[in-house]
Amino acid sequence: MRFPLKTPMYHEARGVEVDVLVVCEKNSVAKAVASALSNDNYRAFNLRGITCYSFVKNGRKWVVIGLRGHIMDFDFASQLNRWDVVDPKELFKVQPIRVVRNESLRYVEALKNLGRRAEEVILALDADVEGEGIAFEVMDVVRAVNPYAEFKRAWFSSVDRDELINAFNNLKPPNKQLAEKCFARSMIDLTIGASFTRLLTLRVRDVKPTALPKGHFISYGPCQSPTLYLVVQRALEREKFQSQKFYRVIAKLKIGERVIEAEHVKGRFNSKEEAEQVKVKAEKARIAEVENVKITKTKREPPKPLDTIELESLASKHLNMRAKKTLDLAEELYRRGFISYPRTETQIYPPSAYDRLKAFITHPEFGDYVKKLITSGAKPTSGTKDDKAHPPIHPVKAATRSEIERILERDGWRLYELIARHFIATFSRPAQLEGRRYVFNIGGEKFAFTTLEVVDKGFLAIYDYDYPREAPHLPIKMGDKIQLLAIEIREGQTEPPPYLSESELLKLMEKWGIGTDATMQDHIQTNIDRGYMYIESKRCIPTELGKRLIVQLEKHVPELVRPEVRGMMEKQLAKIARGEESMSSVVSKAKEYFFAQYLKLEEKAHEVAKSIAEVAWKSIIETKQRAKRRKKVRKSKRSRRKASRK
C-alpha cells in the first residue's frame with residue numbers, strides 16, 4: 001500500500017535522542033500516555049512549536065508526541081485542479097495522491113526528526129478506522145527517513161492509567177486492512193465528490209454566470225447528498241400534505257374539585273353533522289355514569305448501553321445540542337480522561353464496567369443512588385450491537401460538576417451528566433407504570449379519559465430525561481354517577497408531518513449506512529455550510545437551493561441521492577477490512593459505477609443547472625445572513641454566562 005506523497009521542502013529541526021517514539025492523535029492524549037508510562041516522571045519540551053514528552057523507561061529514552069488528527073489528505077495533481085481546463089470526467093481515470101496538510105507541516109517535520117533515530121515507533125492513535133489510517137500515514141513519514149524502524153500499535157478505549165499501561169503491555173501489529181478501508185473511502189469520495197461538484201458548478205456558471213457568489217460552488221457528496229435527500233423528502237411530504245377538518249366531541253365532567261375533559265371514544269369525526277348529533281344526544285343526560293375502568297400495568301425498561309449515534313440523538317433531543325458539537329465535546333471529555341472513547345457501535349459492557357459504577361459511590365450527586373444499586377447486586381442491560389473494538393460510551397471517572405465546568409464549561413458538564421446518568425440507569429431496575437382508562441356513558445354515548453401514574457420510578461429516579469407526563473388517577477369506580485358540566489364540539493385540522501429532527505435524521509443515516517458513527521454529524525454540518533439546509537428548533541429544514549438540487553438529481557439520476565446506494569458502498573468497503581476484497585478492486589468498482597451515473601447526469605446537466613441557477617444566489621445569501629444571526633446569538637449567550645459567573 002504505497003501512494004505518491006507530495007511534501008514541500010522544509011528546514012530540518014535539530015535532532016532529539018529517542019529510542020522509542022510514541023505517536024498519539026492529540027496532545028492531551030500524549031500527555032496522559034506519558035504520565036501513565038512514566039508514573040508522572042516525564043519532562044515536557046518544545047519541538048517546532050509542538051509539545052512533546054520525554055522520559056526514561058527500562059533504560060530506553062521514550063518521547064511521546066501528539067498530532068492533530070490526519071496529517072495528510074488525498075488530492076489530485078495540481079494540473080488536474082484547473083476547473084476551467086480539465087474535463088471532470090478525467091478525474092475518474094487517475095489515482096489521487098496524498099499531500100501533507102498545510103497545518104500539519106510542522107508535525108511531519110517533527111515526526112521525521114524524531115523517527116530518524118527511533119528503534120521502535122508505537123502508534124497510539126485513536127482505536128478506529130480513521131486512527132488506523134493516521135497510523136499508516138505516520139509510518140510512511142517515518143519510513144522515508146528510517147526504513148529500519150519497528151512499528152507497533154497500542155489499542156485502548158480510554159486514557160485511564162491502568163488501561164493505558166495494559167495497552168502498552170499488549171502491543172499489536174498495525175492493521176493494514178483497516179487503514180486501506182480508510183484510504184479507499186477517501187479516494188472514492190474525493191473522485192465522486194470532485195467530479196460531480198465540478199460538473200454541476202461549471203454548468204450553473206454556463207447557464208447564468210452571476211448565479212453563484214464569488215468563491216461558492218454547487219457541492220455534491222456521496223454521503224452529504226443522500227443525507228440531504230432524507231431531509232428534502234420529509235419537506236416535500238409536508239408540501240404535498242392536504243389538511244382536512246375534523247371535529248371532536250368533548251364532555252366536561254366534575255369529580256370533586258377536579259374538572260376533566262373526556263373525549264368521545266370515536267375520536268375525530270370527519271362530519272360536523274355527525275358530531276352535532278352526538279352532542280345533542282349526550283346533552284340530554286344530566287349525569288355521566290362510569291361504565292368501565294380498565295387498569296393497565298406496564299414496565300419501562302432501562303436504556304441499553306450507549307453507542308455514538310444514540311449519544312448524538314439523545315443530546316439533540318434532551319440537551320438541544322447539535323450532533324457535531326456533541327461529538328466534539330465527547331472527544332474532549334475522552335481526551336481529558338472523563339469518559340471512554342466516544343466513537344463506538346457497541347452496546348455490551350466489558351466486566352470492568354461494574355468497577356466504573358462503584359467509583360460513583362462517593363459522588364455528591366449520584367452517590368446515594370449508586371450505593372443502593374451496589375447493595376441490590378445490580379446487573380447492566382445489554383444490546384445486540386458489538387463492533388469488537390470499543391466498549392459502550394461510559395464515564396471512566398466519577399467527576400463532579402465543578403471539575404468539568406472548570407475545563408469544558410456548562411455544556412461539557414451537561415453532556416457528561418447525560419452520559420453518567422445513562423450509564424448508571426443501565427444498571428437500574430425497570431420503571432413500573434400504571435395507566436387507567438375510564439369510560440363514561442352519557443346518554444348512550446361513550447366518552448373516555450385516561451390517567452397515568454408512575455408506581456415505581458426505577459431507573460427514572462436517576463434518568464428523568466424521558467419522565468412520562470403523569471395524570472393522577474380519578475377517585476371513582478364502576479357505577480359511580482358523575483356531574484356533567486357541558487358537551488362541546490371542537491374543530492381542528494390535520495397537520496402535516498413535522499420536518500425531520502436531527503435525532504431522527506441520525507437514526508435514518510444509521511439505518512441506511514450513510515457515513516460512519518464518526519462522520520455522520522460532519523455530513524449534516526456540510527449541508528448546512530453549503531447552504532442546503534439549516535436547523536431551527538431541533539428541526540432540519542432544507543433551503544430552496546437544497547430542494548432544487550435533490551429534486552433535479554433524483555429526477556434524472558436517482559442513484560446519486562438514494563440512501564441505499566451509499567449503504568451498498570459501505571458494505572463493499574467493509575469487505576476490505578475483513579480481507580474479502582482488495583482496496584484497488586473496491587475503488588475500481590465504485591468509480592466504474594459512478595462514472596456511468598456521471599454520463600447520465602452530463603446529458604441532463606443543462607436542465608439541472610438551469611433549475612438550480614434560478615435560486616442559488618438568494619439561497620446562499622440567506623444562509624450567510626442566518627449564520628451571522630446565529631453567531632450574534634451565541635456571542636450574546638456567552639456574554640450573559642460570563643456576566644452571571646462574575
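Author: Two strands count as paired if DSSP finds at least two bridges between them. Strands are DSSP runs (E, at least two residues), helices are too (H or I, at least four), and both are numbered from the N terminus. You're looking at a predicted model, where local features need pLDDT of at least 70, side-chain atom pairs count only at pLDDT 80 or more, and totals for chains, interfaces and linings use all residues. Residues are numbered from 1 along each chain as its sequence is written, and side-chain values use heavy atoms, with hydrogens and water left out.

Reader: OK, what makes S3 and S4 a pair?

Author: Five bridges join S3 (residues 43-47) to S4 (residues 50-57), so they pass the pairing rule. The two strands run antiparallel, and Asn-46 has Thr-51 in S4 as its bridge partner. They form a hairpin with two residues between them, and Arg-48 in the turn has a positive phi of about 55°.

Reader: Why are S3 and S9 said to stand at the edges?

Author: The open sheet has six strands in the order S3-S4-S5-S2-S8-S9, with mixed pairing. S3 and S9 (150-153) each have a single partner strand, so one side of each lacks a neighbour in the sheet. For S9 the partner is S8 (residues 120-124), paired in the parallel sense over four bridges, and Ile-122 has Lys-152 as its bridge partner there.

Reader: How do you know that H16 and H17 are roughly antiparallel?

Author: The axes of H16 (residues 563-577) and H17 (residues 583-613) cross at roughly 165° and come within 9 Å. Axes here are lines fitted to C-alpha atoms, for helices over the stretch in contact, with angles from 0 to 180 degrees between N-to-C directions. Under 35 degrees counts as roughly parallel, over 145 as roughly antiparallel, 65 to 115 as roughly perpendicular and the rest as oblique. So this pair is roughly antiparallel.

Reader: Which residues meet there?

Author: Contact means heavy atoms within 4.5 Å. Val-565, Met-568, Met-569, Gln-572, Leu-573 and Ile-576 in H16 meet Met-583, Val-586, Tyr-593 and Phe-594 in H17. By class that gives nine nonpolar, one polar and no charged residues (Ala, Val, Leu, Ile, Met, Phe, Trp, Tyr, Cys and Pro count as nonpolar, Asp, Glu, Lys and Arg as charged, the others, Gly among them, as polar).

Reader: Why does Arg-343 count as buried?

Author: Buried means under 20% relative accessible area, exposed over 50%, and partly exposed in between (1.4 Å probe, protein chains only). Arg-343 has 15%, so it counts as buried. This arginine is in the loop between H9 (323-335) and H10 (353-358), and touches residues including Asp-128, Glu-331 and Asp-517.

Reader: And what makes Glu-409 partly exposed, and Ser-537 exposed?

Author: Glu-409 has a relative accessible area of 42%, so it falls in the partly exposed band. Ser-537 has 66%, so it is exposed. Glu-409 lies in H12 (residues 401-425), whereas Ser-537 is in the loop between S16 (533-536) and S17 (539-542).

Reader: What is there to say about phi in Glu-409 and Ser-537?

Author: Most residues other than glycine have a negative phi. Glu-409 has a positive one near 60°, and Ser-537 a positive one near 55°.

Reader: How do you know that H14 is mostly covered?

Author: Seven of the ten residues of H14 (520-529) are buried, among them His-523, Ile-524 and Ile-528. Just after H14, Gly-531 takes a positive phi of about 85°.

Conventions: Lists of a residue's contacts leave out its neighbours within four places in sequence.
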